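Please walk through this structure with me, one feature at a time. I would like to learn how each feature is read.

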Amino acid sequence: MAPPSDPYILWPTKEIATRYRRPFIGPTTGTSGTISWTITGVEKTTLVYDASLDSRLKALEQAYRDIEESVASLSSHFQEGKVTIIALHRLINFDLSESIDVILEPDGDGFIARTVDLDLFGFGDDPKEAVNNLKLEIEGLYHDLMTDDNFSEEWLKVKSFLQRMIKDK
Amino acid sequence: MRNADYHTADVKRICENKLKIAFRHGHEFNGWFELNGIKMARITIPKGRKPIPPKTYKSMSMQLKLTVEQFDRLLECPLSLDQYQEILMPPTK
């Protein structure tokens, strides 16, 4: 019998089942075996162990720990006043077909994020704010360029560039 | 570089008076400089910063297609042509 597809009734590990006390729709059974739990305040039900979901969750947890370590190392990197080049893969309201390189560095009492390909920058009190403001700048420029064609040759090339790069989410 | 002499509001005012740039009010101020009806340069001015951080100051000058020294000279003299003409020939009441 195939495992049921409803995510609310699939809990891969006991730890997650007790941490997220969701109401369950059950009972369910499966070929992988059954585990019964009693969760305080929530109805008792039968859970199905899904090994593939468990391995995916473990991979996500590891990716989360990797991101935490990267953020920690970036924080010390910026405290030392170093320049960092990051790749921007998406904006706030749009996705990008290719990544845009961004130079991120301390500037005065804040941080500046500048694009390598365009004369745009975002300033912020912290790196995240600077990058967020840069994303707003790119989107703002895109909207400006799409209004008409009364721009210099240089800006019309930028318009073509952004039209290729920017995709709706 | 005279970034320490100016507030971002000063830069905005000078760009409005001298370069006739009309700024859009968003998260930051954005405006286009037009020459003969063609938009040539776009400047972004962050809100509420003094002194202006050095790399931000340089980025603003690059957006106007100026060197830092040329940007300094642009900002040094905020008097617009119209204001100068009014000084020379005050309007009659």
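The dialogue below takes up a sheet and then an interface.

Q: What kind of model is this, and how are its parts numbered?

A: This is a predicted model, in which local features need pLDDT of at least 70 and side-chain atom pairs count only at pLDDT 80 or more, while totals for chains, interfaces and linings use all residues. Residues are numbered from 1 along each chain as its sequence is written, chains are lettered from A and ligands numbered from 1 in the order in which they are written, and side-chain values use heavy atoms, with hydrogens and water left out.

Q: How many strands does the open sheet have, and what is their order?

A: Helices (H or I, at least four residues) and strands (E, at least two) are DSSP runs numbered from the N terminus, and two strands pair if DSSP finds at least two bridges between them. In chain B an open sheet of three strands has the order 1-2-3, with antiparallel pairing. Strand 1 (22-25) and strand 3 (38-45) of chain B stand at the edges, and each has a single partner strand, so one side of each is left without a neighbour in the sheet. From one strand to the next the twist averages 25 degrees, where axes are lines fitted to C-alpha atoms, for helices over the stretch in contact, and angles run from 0 to 180 degrees between N-to-C directions.

Q: How many bridges pair strand 2 of chain B with strand 3 of chain B?

A: Strand 2 (residues 29-35) and strand 3 of chain B pair in the antiparallel sense over seven bridges. B:Phe33 has B:Ala41 as its bridge partner, and B:Phe29 stands opposite B:Ile45. These two strands of chain B form a hairpin with two residues between them, and B:Asn36 in the turn has a positive phi of about 55 degrees.

Q: How many residues of chain B are in contact with chain A, and what area is buried?

A: Contact means heavy atoms within 4.5 Å, and on that basis 23 residues of chain B are in contact with 25 residues of chain A. Buried area is the accessible area (1.4 Å probe) that two parts lose on being put together, summed over both; between chain B and chain A this area is about 2100 Å², of which carbon and sulfur atoms give 47%.

Q: How many salt bridges are there between chain B and chain A?

A: Side chains of opposite charge can pair when their charged atoms come close. A salt bridge is a side-chain nitrogen of Lys or Arg within 4 Å of a carboxyl oxygen of Asp or Glu, and the count between chain B and chain A is seven. One of the salt bridges is between A:Asp144 and B:Arg24, with the closest N and O atoms 2.6 Å apart. A:Asp144 lies in helix 3 (residues 127-145) of chain A and B:Arg24 in strand 1 of chain B, so the pair joins two chains. The side chains of A:Asp148 and B:Lys39 also meet in a salt bridge (3.5 Å, N to O).
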